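The sequence and structure come first.

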Amino acid sequence: MTQTGHRRIQNSGLEDESREQSSQSSTTGMRLIVPLQGIVQGRGGLILGSVIPCAMFYFLQFYLKRRRSPPNPPQEQTSNPPSPTDSSSNLTELSRSASRSNLLLSRGSIVRPHVSARVHSIAKANDSPYYIGLDRASADPYDGLNNPNGVIQLGLAENRLTLDLIENWITEKLSDSILGGGDSRGGLSVSGIATYQPFDGMMELKVAMAGFMSQVVGRTVSFDPSQIVLTSGATPAIEILCFSLADQGNAFLIPAPYYPGFDRDMKWRTGVELIPVHCRSSDNFALSIPALDQAFNQARKRGQKVRGILLSNPSNPVGNLMTRETLFSLLDFAREKNIHIISDELFAASTFGDEEFVSMAEIIDSQDADKDRVHIVYGLSKDLALPGFRVGVIYSFNESVLAVSRKMTRFSPISSPTQRLVTCMLSDTTFIKEHTERNRERLRAMYDLFLEGLKQVGIDCTKSSGGLYCWVDMSGLIRPYNEKGELDLWDKLLNVAKINATPGSACHCIEPGWFRCCFTTLDEKDIPVVIERIRGVIETCKSPS
Amino acid sequence: MAIEIVQPSGVGLSKIAVSETHGENSPYFAGWKAYDENPYHEKDNPSGVIQMGLAENQVSFDLLEKYLESNQEAASWGKKVSGFKENALFQDYHGLLSFRKAMASFMEKVRGGKAKFDPERVVLTAGATAANELLTFILADPGDALLIPTPYYPGFDRDLRWRTGVEIVPIHCESSNNFQITPEALESAYDHATSMNMKVRGVLITNPSNPLGATVQRKVLEEILDFVTRKNIHLVSDEIYSGSVFHSHEFISIAEILESRNHQDSERCHIVYSLSKDLGLPGFRVGTVYSYNDQVVTTARRMSSFTLISSQTQLLLATMLSDSEFTEKYIEINRERLRKRYETIVDGLKRAGIECLKGNAGLFCWMNLSPYLSENTKSGELEIWKTIMEEVRLNISPGSSCRCSEAGWFRVCFANMSEETLEVALLRLHEFMDTRRRERNMLSVL
């Protein structure tokens, strides 16, 4: 990620109280705190006699202000901009719990206009190791020559292994043109792409995408362009499906460990809940139907309405592929409970093992009755290494869902120059075939190297066949054997060894000690460096402390 | 083709999915369907429906093409500081710094340098549609209300309400004062919302206005700002037509008012902008939320993950929009061409006996057909709208779709067609009005 100069806000918006502009006055806080101090410190007699009524009065005011609506803001403004003090931190505590009212008003304080309840959780500092690690790695990125002590990024599932092929293609076929026209003027034309396009994507791209998906996702079944809705990435595709299939407060079952981004993408604005269905190392982290059933029943007992299952296949973060049997069983389960299946097949072409990828599209191919409940999410961020271009797909067999998605994607459409460039690329079936094969080969090679390196230092991974990462077992190194031990190791890896790997707890893994390590942002020569650094950490773990 | 939401017998969809809030069954969209089915074409279909319901700017397209042809470097990957690889991988929701700088600079140019914009406050979204929805998600909760002056862009009913669950309460404006927003109307709307137990979270204005095609006066902007300050609510100023003002001095941005007040209380203000209208690139899907509120900037940025602009597009436009010579010339010529078009249509309508609101911006005019309605009601309006669509074969937007409180007003777009097509449309309208007047005269004689 590009470093973009100083980040404006690092902390919770509420800490903005200390900023230059309007803010609550600290005087109000003092008026609350002082009488309370009296009670707490046990000064008796006269003081208590006056202090307690004061305190009660203030609490009464507080209570009343919460009940009153809408609250009236003050007419005047304070002349002194407030400075951060201890008392104002108490203020922020109170504000957070009563976010809606302009409480603690008194003469002279400025109150900020209300924002949505969701803002507080979105704007606050990232406390997940997933995001913290990504930030650290991008702030101090490793470079063999220029920054050999930088952080090696193993936490970002980005595929750099085939970018050279794509770059060459652009140079040759599009004369290096950003507009990607490939016409007689060398693509320097905005005609045909400047004006309003259908929000759900240009037909030419839908056709090209259907062709591409038929090759790498469907394999034995083909995809129909009229069932495609294009979105600016897989992120909005998933959100649109959540908006369409579930009401606020409804839930999706999701096999865990899962991609940390889902917590944000699926919940932030939709109000949907995620119920993890834990997978175990004893099963090689494969999904078990009994576990799914149990999670469903528990949800029902809690009064939570389950609307569907979200799978990622190939799985992120584990990298395993779902077997045909499991997929059929899942369909049976979904039919029995009358719920939807969202199959996130983003890594479909990024397979490198002996196992075969099977899409939900193949399973549903012979089952007319259940077609309405299956929806596939796809995109070009992983398989074609173009995450910046924002190309995502909703593929559904349900006409109603398609109709709704076509309308909703007006909020997340693909930019037309990108549609044109990608159409050209996907239509070049020779190139695509070659790219897919090379990609698999290079993934395999890198995976083998990485695995071999880990083995040398005594570390194992689950057997995986897809994705851009491996699921690494460091449980033997953590002490104690719980989430805290895992986070301690994560911290050591990040701050001492300077490696950013994603800890399993960020992915809601129920067994501690597992880490997702992406190997596709590395060069071959970086692998020994990584292994050496890991070795260093292992030594500190094993040595008596 | 009607879009039917068929409920499958098996698995159900969400309430949002089955609601009608997407609004695509309103007359505004019905006209589009008529056009889709029988589109006008100079040679191939000269009797087809002329689309005058789409606010798209095609008048300055040639300037863009000329620029790209003579600036091949701007449109190629290789010469960039960050080449293809970095660009293809770049998905940072902060957006390309060079592009944000270019957007901030373009926004300043459009305002004639009368306000400054900080690239750190520019949050990128895939279009203004997404920007408006994003702000609504941030400023309000389901069930809350936004106050919006009527008449307003029909798309707001969907964009601001559908997935957010937020309500729109209209601020009624009247032709007696040229549909300007008054303090009384603001108060009245606020009270109405409160009486319905809705919490008002902000006021959203479009300046220059869609569909009026007129800028908001300085005095009115000051009054609105005072109002939102008094009520401690937000102000969203959708300024996507700011570059389409015919005379630059006539547009006052909220940014200027805030600067003149030394940014006191500016953290309740947010501006929406886009390149769809001013630069005629709606296909590119480039919008921005510009907020003076740090918390809103942070939140909007993170939320923009759902609606990022392709890095390819950001790179291409960063170069183009940083080219001061090009942008200044473009803005000037674009304004001039729009002004000429406006004069053509207003004169043409006048000769046909139709008056328009005095406008000074935008890609449309606000036409008054109320003297010609059979009855001064919404159904009277829709009756004449239908006639115009079916007999005159023009798709224009009825004021009722824009929630106008007075019947008989129509928005007519003039920038999405060639000059010849505009003449054809005016001719048709002229004939229609002549016929109508003759019929009326005959009736009154009998």
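## Salt bridges within the chains

At 24% relative accessibility, B:Glu187 counts as partly exposed, a class that lies between buried (under 20% relative accessible area) and exposed (over 50%), with a 1.4 Å probe and protein chains only. The model is predicted, so local features need pLDDT of at least 70 and side-chain atom pairs count only at pLDDT 80 or more, while totals for chains, interfaces and linings use all residues. Residues are numbered from 1 along each chain as its sequence is written, chains are lettered from A and ligands numbered from 1 in the order in which they are written, and side-chain values use heavy atoms, with hydrogens and water left out.

B:Glu187 pairs with B:Arg230 in a salt bridge, defined as a side-chain nitrogen of Lys or Arg within 4 Å of a carboxyl oxygen of Asp or Glu. The two residues are 43 residues apart, with B:Arg230 in helix α9 (residues 218-231) and B:Glu187 in helix α8 (residues 183-195) of chain B. Helices here are DSSP runs of H or I with at least four residues, strands are runs of E with at least two, and both are numbered from the N terminus. B:Arg230 is partly exposed, at 40% relative accessible area.

By this rule there are 50 salt bridges over all chains. The table gives some of them.

| Pair | N to O distance |
|---|---|
| B:Arg230 and B:Glu187 | 3.0 Å |
| A:Asp140 and A:Lys498 | 3.2 Å |
| B:Lys15 and A:Asp247 | 3.5 Å |
| B:Lys114 and B:Glu256 | 3.9 Å |

In chain A, a network of salt bridges links A:Asp332, A:Arg335, A:Asp370 and A:Arg373.

## The interface

Contact (heavy atoms within 4.5 Å) between the chains involves 100 residues from chain B and 97 residues from chain A. About 8900 Å² is buried between them, 58% of it on carbon and sulfur atoms; buried area is the accessible area (1.4 Å probe) that two parts lose on being put together, summed over both. On the chain B side, the residues that lose the most area to chain A are B:Arg163, B:Gln295 and B:Phe306, together 10% of what that side buries. The rule finds three salt bridges across this interface.

B:Ser311, found in helix α12 (residues 311-322) of chain B, is buried with a relative accessible area of 0%. Leaving aside neighbours within four places in sequence, B:Ser311 is in contact with A:Gly388 and A:Phe389 as well as B:Asn87, B:Phe90 and B:Leu96.

## Cores and a covered helix

A nonpolar core is a set of buried Ala, Val, Leu, Ile, Met, Phe, Trp, Tyr and Cys residues joined through side-chain atoms within 4.5 Å. The largest one has 157 residues, and A:Met209, A:Tyr378 and B:Phe99 are among those with the most contacts inside it. Helix α7 (residues 203-218) of chain A gives the most to this core, with eight residues. Apart from it lies another core of 149 residues, including B:Ala140 and B:Leu349.

Helix α13 (residues 399-408) of chain A is mostly covered, with eight of its 10 residues buried. The cover includes β7 (374-379) and β8 (392-396) of chain A, together with α1 (15-18) of chain B.
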